[in-house]
Amino acid sequence: MMASSVASPLCTWLVAACMSASCEKDHFLKLPSIFRCSRRLSRSARRRKVVVPQFLNAGGAGLVSSFCASGIQNWLNSCLTFEPCEEYYNSEGLASSLSCFSENAFSLFGHKAEPVTRRQRRMNRAAISGKAMAVAVKPQKDTIAKKKSLTEKRRIVVTGVGVVSSLGHDADIFYSNLLEGVSGISQIETFDCSEFPTRIAGEIKDFSADGWVAPKLCKRADKFMLYMLTAGKKALADGGITEDVMEEIDKAKCGVLIGSALGGMKVFNDAIEALRVSYKKMNPFCVPFATTNMGSAMLAMDLGWMGPNYSISTACATSNFCMLNAANHIIRGEADIMLCGGSDSAIIPIGLGGFVACRALSQKNGDPTRASRPWDVDRDGFVMGEGAGVLLLEELEHAKRRDAKIYAEFLGGSFTCDAYHMIEPHPEGAGIVLCIEKALAQSGVAREDINYINAHATSTPAGDLKEFEAIMRCIGRNPELKMNSTKSMVGHLLGAAGAVEAVATVKAIQTGWIHPNINLENPDKGVDTSVLVGPKKEQLEIKVALSNSFGFGGHNSSILFAPYKPDEGD
């Protein structure tokens, strides 16, 4: 009974695989190792005296025994690895395919024909009409075609930005300070760090969430959440999402995807200290307020947005991952508006101590503003920063209908994994190269069109060079190419880094000015100084901008922005 119940759907795959094999000259069907014959046949197989078809004798005799001994699921999964040939795609479906097996097409498993059930008749009709083939035989082709179609129809634009940083909590002030080469790195004042070898950071000194976050929440929540909520609401305000607009938009198609690398470390650390006294002293919100997803959730609750809502945590690449996934939700039609980015606040004893233990931080405590120096020979590690960056991504037609201000167009991006080391970059930059190449392919951008790169460059001895070499390998020696690192002024904001740097990239497109690389006094021999921006801001008409972000664990991400160009007739 089991064989008869599965014969129809399984034959669909088997026939497709066999036709693919028959299209190859002088080749028999080659089956994967999972089809190796098991030592013993199952009882049902021995009773039925399973007959192996003639065409499986060479290399495939173990197919049926594998099916019977290992189970239907493994056999079917193995069949999914076959890619039928074009002859099969062009056929009239299952009925025409089965003609090659004569009238006994359904006796492949060595059983006699049994009465066909209503369900089997339905499946057969669907297969003959080609409906089953579209799903079972060539899902990859249909999926790709559908994705391209959606991408062409749904362009994504940036209509608002919000930022909280050591250089200001307004996007215009933040970028003005970047253009002037102002450093936001200073001595740590939040706690006594005199015993630490590193005592500097891009610490936020004068933050207030008044007017943006409810007072009760301000007292309970971790700073990473307060930064996120504030930056998110500022992005909304900058994007012109007023109360009147909120009443008109479809909140079921508005989402929030803002991540964090480390989440609420301060709240959780305080809970551990309270637990030393008694569990009764613990903050009842310590667990939810420590999780990385709660910031996005709280913002959605505040706004009433019921679309996609979650967070991603991929260390220092978090923000780029969030922005790319937010864009994908819009492309697929699951959302029209997405708030996306990242937030982190880890400048506390356990955060500082952890990175000191990794030997990842700069120890240039004597002159904090000169400590972060990407690509400079004297760099000795990164400088911790904190803050949040949020972009308001919107489907183009939706933005046009509400007459929104458009900063730039989001072209796409990609992410990969080094699969090499927990902290160290791949020695050949393989993951970065693959990531940039995939980003170019996915967005349809020619490498020569990229003339501005906001690099990840954290001021670490190995990381800066590996990224630079990978970029040069992918982009080439474009005479117009310019590259800088926002981290030279704000430090490394961990999970918020990519979003804050995306804000800088979008502002560069808007203003036509790119900020300098400060502290680049003695460039490393491995870098081409003609590509790097000097100590002063430079004017540049950006064609396509690339923003990189990489994280512990070998996470790589690249995203692309460009000036918005209306279609003909708009």
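Of the 570 residues of the protein, 54% count as buried, where buried means under 20% relative accessible area, exposed over 50%, and partly exposed in between (1.4 Å probe, protein chains only). The model is predicted, with local features requiring pLDDT of at least 70 and side-chain atom pairs counting only at pLDDT 80 or more, while totals for chains, interfaces and linings use all residues. Residues are numbered from 1 along each chain as its sequence is written, and side-chain values use heavy atoms, with hydrogens and water left out. The secondary structure comes to 23 helices and 13 strands; helices (H or I, at least four residues) and strands (E, at least two) are DSSP runs numbered from the N terminus. Among contacts with a separation of 6 or more, 80% are accounted for by residues 24 or more positions apart, a contact being heavy atoms within 4.5 Å.

An open sheet of mixed pairing is formed by nine strands in the order β4-β5-β6-β1-β7-β13-β12-β8-β9; two strands pair if DSSP finds at least two bridges between them. On average, neighbouring strands are turned by 25° against each other, direction ignored. Axes are lines fitted to C-alpha atoms, for helices over the stretch in contact, and angles run from 0 to 180 degrees between N-to-C directions. Helix α16 (residues 294-303) lies across β4 and β5 (337-344) and runs at about 155° to β4.

Strand β13 (residues 555-562) is mostly covered, with seven of its eight residues buried. It runs antiparallel to β7 (residues 408-417), to which eight bridges join it; Ala562 in β13 is the bridge partner of Glu409. Seven bridges join β13 to β12, also in the antiparallel sense, and Asn548 stands opposite Ser558 in β13. The strands β12 and β13 form a hairpin with three residues between them, and Gly553 in the turn has a positive phi of about 95°. Strand β8 (residues 450-454) pairs with β9 in the parallel sense over three bridges, with Ile453 opposite Met483 in β9.

The second largest pocket holds about 570 Å³ of space. Its lining comprises 32 residues, of which Ile423, Pro425, Thr460, Gly463 and Phe552 are the closest to its centre. The elements giving two or more residues to this lining are α21 (461-475) and β12 (544-551), and α21 gives the most, with five residues. On a 1 Å grid over the protein atoms alone, a pocket is an open set of points where a 1.4 Å probe fits, with protein on both sides within 12 Å along at least five of seven lines; lining residues have an atom within 4 Å of a point. Grid points are joined across faces, edges and corners, and a volume is the space filled by probe spheres set on the points.

Most residues other than glycine have a negative phi. Arg359, not a glycine, has a positive phi of about 60°; Arg359 lies in the loop between α18 (349-357) and β6 (387-395) and is exposed at 80% relative accessibility. Asn519 likewise has a positive phi, of about 70°, but lies in the loop between β10 (513-514) and β11 (538-539) and is buried, with a relative accessible area of 10%.
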